[in-house]
Amino acid sequence: MRAVQVQEYGGPEVLRTVETEVPEPGPGQVSVDVAYAGVNFADLKARGEGYRVPSLPFVPGLEVSGRVRALGEGVSGVEVGQEVAALTAGGAYADVVVTDATTVFPLPSGVDLRTAATLPTVLPTAYALVHAVGRLQPGETVLVQGAAGGIGTVVGQLAKAAGASGVFGVVSGAAKAKYALDHGYDDVFVVPSTTDSVQFADEVRAATGGRGVDLALDPVGGETFRASLASLAVFGRLVSFGNASSAEPWRVGQPELYPTGLSVSGFSILTMAQTAPGALRALTEKAFAAVAEGVVSLPVTAEFPLEEASEAHRLMGGRTSTGKLLLRVA
């Protein structure tokens with residue numbers, strides 16, 4: 001079978017398509033004939049700096065849609081040939097991937113394989129940020145970093161559906177700002193570089209009459225995390241769900257939190273898949289239902305054949321992409 005391997009860390013050019021053995025599922029696992037694979041920023045960090053890479057060579061990719069190929073011992077709830085979406089720990093850039101049965105989901109009615117490939121990482125993450133971790137309430141306001149990306153696109157729509165009175169986004173360019181305004185955002189702040197991130201805290205204060213926002217969602221870390229914290233209203237909440245900046249891990253304590261009763265929490269779908277798969281499965285089923293019911297949609301803005309995975313990485317790494325990028329496998 002074909003697989004896209006990382007044999008050494010580096011730029012998009014290190015992605016190589018190779019022929020390799022078809023993997024077989026072990027106990028509690030499922031193998032899937034891949035139709036589409038989603039491209040995520042975590043894949044770029046894996047390729048470039050070894051993020052969550054156990055060893056080389058490594059096949060990146062965290063989400064697929066396709067058909068069940070084979071079942072490992074003890075697996076129930078899905079059948080061979082059934083159309084599914086799946087979250088993986090890696091290996092998605094391939095004709096066949098093996099993953100734990102707990103993160104394999106039958107497709108909701110009316111959802112096709114192309115749409116399904118956009119769901120496994122983005123939808124549960126966005127749903128958790130708004131509801132399970134962020135606990136957004138009707139009438140509250142929310143600030144979202146990366147508002148034009150996959151998660152940002154869905155969060156804007158979910159926040160509106162939850163009754164948010166103001167949905168604010170941060171993006172890196174004017175084209176992304178227009179895109180975000182078309183997907184649920186009331187106002188968008190253009191910050192060309194993370195080194196300019198401090199400026200948006202002042203803009204958020206101005207846009208909210210000096211109050212700040214009730215909920216801020218940050219996948220960037222570093223100075224952006226600090227500026228998001230500075231954007232919060234009294235009793236505001238900040239959820240960290242990534243460290244795209246590769247900055248030192250954040251630390252906050254009494255001096256930052258006590259004066260206005262702030263709180264900081266975190267979320268990682270990949271970590272939860274290992275530590276609380278049952279809770280993640282329940283969360284994912286709710287998130288998928290939001291798509292099936294038409295509450296949210298995630299546009300596929302670019303699609304590449306499997307052999308052109310490097311081009312997909314160049315597009316995402318150039319910070320010009322919006323929505324969701326896919327690899328077409330079969």
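R69 comes first: its relative accessibility is 37%, so R69 counts as partly exposed. Cut-offs for that term: buried is under 20% relative accessible area, exposed is over 50%, and partly exposed lies in between, with a 1.4 Å probe and protein chains only.

Before going on, the ground rules. This is a predicted model, where local features need pLDDT of at least 70, side-chain atom pairs count only at pLDDT 80 or more, and totals for chains, interfaces and linings use all residues. Numbering runs from 1 along each chain as its sequence is written, and side-chain values use heavy atoms, leaving out hydrogens and water.

Now, the partner of R69. D33 forms a salt bridge with R69, with the closest N and O atoms 2.8 Å apart. D33 sits in strand β3 (residues 29–39) and R69 in strand β4 (residues 63–71), so to speak of distant parts of the chain: 36 residues apart. A salt bridge here is a side-chain nitrogen of Lys or Arg within 4 Å of a carboxyl oxygen of Asp or Glu. Helices (H or I, at least four residues) and strands (E, at least two) are DSSP runs, numbered from the N terminus. D33 is partly exposed too, at 30%.

Next pair. R237 and E140 meet through their side chains, N to O at 2.9 Å. R237 belongs to strand β12 (residues 232–240), E140 to the loop between α3 and β8 (141–145), 97 residues apart. Buried or exposed, R237 and E140? Both are buried.

What about helix α3 itself? Nine of the eleven residues of α3 (residues 122–132) are buried, so the helix is largely enclosed by the rest of the structure. Among them are Y127 and L129.

Last, the totals. The whole structure has 16 salt bridges. R2, D95 and E307 are linked in a network of them.
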